[in-house]
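Please look through the points below with the sequence and the structure open beside you. They are meant to be read in order.

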Amino acid sequence: MASCLPFLKLLTYFGSTHHDEEEEEEEQTKMTVEPPSAVERVISPSKPKFRKFRKVNLPFFKKNLQVKNTGNQTSEIPLTFKQNLKEQHFAVAGKQLINREERLFSVKQDGVGSSKSLVEEEEDYEESLRKDFEELLEEVWLTVENSFVVQTENEKEALKQAVLVIQQEEEQDRRWEGVAEKERPPWRPRCYRRTHDSQLQNMVQRRMEAAKLDSNTDIKSSIQKEIIGKGKQIKEDLLHIAEHVRSCYPEENVCQLYAKLYHQEFCAKLREIADYGLSDADCSHVLQWVNIHYPSILRRKELKGVVEYEQLEALLPANMLEPLEEQFLTQKENEVRTWCLNILKEEKAEPELRDGCYFSPLAIDVIECVHGAVKLAQEMLGSCSKPQRITYQIKEFLISYQDYLKNVTEDNQGNSDAVLKANLLCIRQLREHIRKNQELFPAHIRTDCMDLLTNIRELCHGYFTTSIHKDLKGKYSKLGTREWLKHSEHVCGELLDGVETHIQKFTNLDKTCLQELLSHLHKKVLAEYVRKTMKKKIKLGDEKKQQQAAKALHDNNQKIHTLFTAAGSNLYDLKDILPRLAELLIIKDPQFIELELVNLSKSYPDFSEAHVCAWLHLKATLSTSELRMIKKTFSELQDPNTPKESDNQEQDPLYSSRDFFSKVLVQ
């Protein structure tokens with residue numbers, strides 16, 4: 001009896017499954033492997049060597065039944081494997097094959113005896129099962145292959161079914177792990193997942209190879225056309241996957257998988273292109289795709305949350321990217337240098353009048369040129385720091401610009417006034433641009449440019465003020481004399497009348513530039529006033545004269561301040577200088593004089609020992625020893641760490657009074 005058990009089991013198996021397929025089809029709709037039949041449990045108490053099949057939830061198609069009319073009665077019959085395959089019920093068809101596989105190889109594990117006919121019948125059934133698997137596999141891969149034409153709900157449902165088959169087969173492969181090779185199906189493991197991913201890779205590769213060149217006739221470079229064509233293919237395909245295919249892979253992010261595959265292909269193409277010696281135009285185009293166009297495709301709102309661009313490797317490695325960046329930056333530097341020099345060459349000898357003011361487009365053109373190049377480079381390189389080197393060209397331009405304006409001031413031709421008035425506006429525009437866009441400049445370049453612009457502005461201001469001082473030389477000469485002491489109001493009045501006459505000649509000048517010029521003139525006139533009073537022309541030998549001189553300083557200061565601020569000067573702090581000097585003339589106690597001198601040096605760091613000696617020379621009531629002690633104390637108490645004006649880059653030195661005494665040159 002024992003020798004007949006294998007035969008009885010095989011007969012039971014083929015009788016209940018192979019020849020009575022309808023019963024099996026009804027069983028498969030439950031989606032789990034049912035326990036062996038009662039006969040099988042009696043005959044074969046041993047357990048199979050593979051793990052229990054995990055439940056998989058499948059969307060059945062109306063229970064996969066077909067309707068059969070038998071006279072006056074209607075019955076529902078489960079669909080066969082062939083019928084499910086034809087109806088694209090791939091998951092159900094796959095489960096039918098898995099059930100057959102498990103029953104067949106359960107029998108094989110227990111043995112079927114040595115009967116030749118039984119062995120042949122088993123082999124025939126195994127071959128039939130293998131062919132059914134191949135037929136299913138062919139339909140699954142054909143469905144996956146058509147992923148890029150999926151649009152309708154039926155097409156999406158078929159793709160979902162194909163994906164479920166892959167999941168079922170992966171699970172079945174895992175169940176057969178650990179089973180001896182001779183005891184498991186010869187087709188296990190099937191590795192559907194690996195095959196699926198490989199198929200997607202081949203699909204993507206074929207589509208990228210077949211991508212059409214861009215048809216834009218304005219683009220002459222074949223390299224650019226090829227890159228654009230492949231970029232468009234990536235965009236179209238990923239958007240299709242996100243809209244139509246993503247829902248067919250409910251348990252994974254298939255968009256990221258496709259993005260990775262396309263990324264690999266695009267990387268390979270760009271690296272192949274970058275290996276060539278690229279023209280400047282093609283180099284710029286590659287960088288544009290690396291840092292602008294390609295990231296924008298993968299960061300589209302339709303792909304948000306399903307494609308993580310940051311998880312992908314760099315399109316180009318550093319050793320390939322850096323030479324392209326260097327080529328691009330060198331090209332931009334050369335372009336900016338050439339553009340700026342051309343702008344300077346085209347500067348008109350006769351500036352035009354706009355709204356009653358002389359105007360030159362020079363600054364606007366230079367700013368647009370440099371600013372545009374830096375901003376473009378920031379986008380092209382994906383960096384804010386690397387393009388800063390382009391701004392060095394502004395410094396080079398400003399050196400040439402300074403030479404140009406210096407020639408204008410020295411030539412002193414009939415149009416010099418108009419040219420310099422127009423360029424004072426350009427200087428202000430350039431300063432404002434640098435001040436408002438400090439992040440575009442390396443710190444040392446920014447400092448150098450601002451210093452150059454300060455010097456250029458000083459040069460232009462000097463052109464206008466030098467002639468004024470020369471014209472007022474006779475009136476300046478009366479300051480600090482006995483005549484000034486007796487008739488200070490008259491002497492100062494004459495000086496200011498001359499100044500006012502010249503101020504009225506400042507026409508056709510931008511309002512802000514006029515304020516700057518008046519502020520400069522304000523400081524210069526007051527500095528010359530102080531310098532003349534320090535010329536040691538008089539000595540105040542008694543308190544009465546000292547009081548008289550102090551009053552003259554106060555009165556003159558008020559008139560000077562009123563004239564310039566009414567005209568437009570913004571240097572309001574200058575009004576404190578003459579009153580503080582006047583205070584030194586009426587202080588009697590040498591120690592208080594020392595204290596006031598030290599405080600004065602803190603407010604005006606350029607107030608030096610030479611200024612102390614020159615001013616105290618007026619105060620003839622001080623003895624030689626007192627003067628010596630005051631100078632010694634001043635030298636000791638003067639703070640060497642008091643910041644100079646140049647230490648504060650944020651403040652325009654024109655509008656500060658702290659550097660006032662640097663303008664007062666004394667011997």
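Predicted model: local features only at pLDDT ≥ 70, side-chain atom pairs only at ≥ 80, totals over all residues.

1. Leaving aside residues up to four places away in sequence, H240 touches S147, F148, V149, V150, Q151 and V245. Two of these names, S147 and F148, return when we turn to Y258, which touches S147, F148, L200, M203, V204, L238 and I241, again without counting residues up to four places away in sequence.

2. Y258 also belongs to the largest nonpolar core, which has 175 residues, and is listed with L398, Y401, W484 and F661 among those with the most contacts inside it. The largest share of this core, 12 residues, is supplied by helix α10, which spans residues 254-274. As background, nonpolar side chains in soluble globular proteins tend to be buried together.

3. How do helix α9 and helix α11 lie relative to each other? The axes of α9 (residues 222-245) and α11 (residues 280-298) come within 11 Å and cross at roughly 5°, and since angles under 35 degrees count as roughly parallel, the two helices are therefore roughly parallel to each other.

4. In the contact between these helices, I223, Q224, I227, I228, G231, I234, K235 and L238 of α9 meet A281, D282, H285, V286, W289, Y294, I297 and L298 of α11. The residues of this contact divide into 11 nonpolar, 3 polar and 2 charged.

Terms used:
Residues numbered from 1 in each chain as written. Heavy atoms only, no water. Core = buried A, V, L, I, M, F, W, Y, C linked by side-chain atoms within 4.5 Å. Buried < 20%, exposed > 50% of the residue type's maximum accessible area, 1.4 Å probe, protein only. Helix = DSSP H or I, 4+ residues; strand = E, 2+ residues; numbered from the N terminus. Contact = heavy atoms within 4.5 Å. Axes fitted to C-alpha atoms, helices over the stretch in contact; angles between N-to-C directions. Parallel < 35°, antiparallel > 145°, perpendicular 65-115°, else oblique. Nonpolar A, V, L, I, M, F, W, Y, C, P; charged D, E, K, R; others polar.
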